[in-house]
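Subject: Structure handover

Hello,

Here is the structure I said I would pass on. My notes on it follow below.

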Amino acid sequence: MSDVEKRDTVIIGAGPGGYVAAIRAAELGQSVTVIEKSETVGGVCLNVGCVPSKALINAGHRFQEAADASTFGITTQAPSIDFSKTQEWKQKKVVDRMTSGVRMLLKKHKVDVIQGEAVLDSDTKLRVVSTGPKQFMSADDGLTIEFKNLIIATGSRPVEIPGFKFDGRVVDSTGGLNLPEIPKEFVVIGGGYVGTELAGAYANLGSHVTILEGTPSILPNFDKDMVAVVLKQMKKKGIDVVTSAMAKKSVQDDNSVTVTYEVDGKEATIKADYCMVTVGRKPNTDDIGLEMTDVKTTDRGLIEVDTQGHTSVPNIYAIGDIVPGPALAHKAFFEAKTAAGAIAGNKTANDWVGVPAVCFADPELATVGLTQTEAKDKGIEVSTAKFPFAGNARAVSLDEPDGFVRLVTTKDDNHNLLGAQVVGPGASDLIAELSLAVNSGMNAEDIALTIHPHPTLSEPIQEAADIVIGFPTHI
């Protein structure tokens, strides 16, 4: 039988949750070991998710700016693009730089990183085995570690649907980010965050894109009037959006893929260069040996946790995409610090009021706290105030006047901020102020009395607060 190594705090997964937990645990004086099955650290988000997708989105914006700046009196020639260089920049200058930075931080904090797959044997032991397919595996295989505390941060993976096996010209989001060429025709199945973002990126790069969405609307987690602003821009870019569409099957050859889908009982087909499927993600909890422990999971495979990240086993914690709540990297960051603090005996807790969510569409969308509909469903009476970017000098000077800021407050004299939504230029950055306000329990007057610099995109937040308290200026 293999020797058993005793370790203090062990973390499975070096993604956004895992590496942040490792750094915080080390800062709190713990001896930390991270087990990561891939050759790189940073997880899906940093390697094949939110970070490289933003790089591709940025490249699309630059291409569009180069193609047409006539609004500003600037005449340009038709630009060309070497997509291999774009992909090389995305990988080497963005992804590799950021992942090497994370590895350096782990080294700085003396975190021991072991490459391999972790398989739990009990509530206190696990084995680290080599990655890849295994036909046979005995109890003696790999390195056995006895841990004092364990944080599971194994993340999630794309869902594969019948008739669309990820192979060749049918790709998941990872494949969509790493296409060898810009497709002339591109089909995206799933109009959520990832599908919408990459559809916009490739449309800006010159693709004709068709989105097939199974529900009545793309981006169903955002308010309809916010989505309408995005749909308006999609129409300008020539993106076709087909809602209530059920993808049935795909047939591909060396040069194309034909997608069959159904709408209102009628079948239709689209021939494209590539088809990307982004219909959701599945928690990575099915192959790590949880059945050998007393850790409880839900029927969706999510691990049940309390506000400190404790599972049903006191010395085992879980964070990120494998626990209930939105599958967002910044939520995992927060949960990571909470769990590491709990192990150190600190009174930390995941006690946020609202987790901000962002979609990097054109224009960007962001929300935090309650929407008007969610408040109504909870039986809470609210007031709302909306200020359009069309009335903001900075947005107009950027030629990006579409969208608005909306505040959702209590329907009383206090006007406590319960939620906020932004659709428009800079929404991904503006939501930070509103997240602070929501989570700090501020009211509209607190925001109205905060001086915002002029001319900036932040001013509509103050303008909306002025509307709430009954003293609007620019509307």
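Leaving aside neighbours within four places in sequence, which residues is Thr260 in contact with? This is a predicted model, and in it Thr260 touches Phe164, Met246, Ala247, Lys248, Lys249, Glu267, Ala268 and Thr269. Thr260 belongs to strand S13, which covers residues 257-263. Its relative accessibility is 8%, so Thr260 counts as buried, the cut-off being under 20%.

Next, a pair of helices. Two packed helices are described by the angle between their axes and the distance between the axes. For helix H3 (residues 50-67) and helix H6 (residues 193-204), the angle is about 35° and the axes are 8 Å apart. The crossing of H3 and H6 is left-handed. On the H3 side, the residues that meet H6 are Ser53, Lys54, Leu56, Ile57, Gly60, His61, Phe63 and Gln64. On the H6 side they are Glu197, Leu198, Ala201, Tyr202, Ala203 and Asn204. Sorted by type, the residues of this contact are seven nonpolar, five polar and two charged.

Tyr202 of H6 comes up again among the aromatic pairs. The count of such pairs is five. One of them is Phe186 with Tyr202: the ring centres are 5.0 Å apart and the planes stand at 65°, so the pair is edge-to-face, a class that needs planes over 60 degrees apart. Phe186 lies in strand S9 (residues 185-189) and Tyr202 in helix H6, so that the pair links distant parts of the chain, 16 residues apart. Phe186 and Tyr202 are both buried. Together with Phe83, Phe186 and Tyr202 form one aromatic cluster.

Now the strands around S19. S18 (357-359) and S19 (365-369) pair in the antiparallel sense over three bridges, with Cys359 opposite Leu365 in S19. S18 and S19 make a hairpin, with five residues between them. S19 is also joined to strand S22 (residues 417-423), again antiparallel, by five bridges; Gly369 has Gly419 in S22 as its bridge partner. Is S19 enclosed or open to the outside? Four of the five residues of S19 are buried, so S19 is largely enclosed by the rest of the structure.

Last, some backbone details. Most residues other than glycine have a negative phi, and most peptide bonds are trans. The places below depart from that pattern.

- Asp362 to Pro363: the peptide bond is cis, with omega near -10°. Pro363 sits in the loop between S18 and S19.
- His454 to Pro455: this peptide bond is cis, with omega about -5°. Pro455 is in the loop between helix H12 (444-448) and helix H13 (459-468).
- Lys110: phi is positive, near 60°. Lys110 is in the loop between helix H4 (83-108) and strand S3 (112-115). With a relative accessibility of 73%, Lys110 counts as exposed.
- Ser244: phi is positive here too, near 50°. Ser244 is in the loop between strand S11 (240-242) and strand S12 (246-252). With a relative accessible area of 34%, Ser244 is partly exposed.

Regards

Conventions:
Residues numbered from 1 in each chain as written. Predicted model: local features only at pLDDT ≥ 70, side-chain atom pairs only at ≥ 80, totals over all residues. Heavy atoms only, no water. Axes fitted to C-alpha atoms, helices over the stretch in contact; angles between N-to-C directions. Helix = DSSP H or I, 4+ residues; strand = E, 2+ residues; numbered from the N terminus. Left-handed = near helix turned anticlockwise from the far one by under 90°. Contact = heavy atoms within 4.5 Å. Nonpolar A, V, L, I, M, F, W, Y, C, P; charged D, E, K, R; others polar. Buried < 20%, exposed > 50% of the residue type's maximum accessible area, 1.4 Å probe, protein only. Pairing = 2+ DSSP bridges. Phe/Tyr/Trp six-rings, centres within 6.5 Å; stacked < 30°, edge-to-face > 60°.
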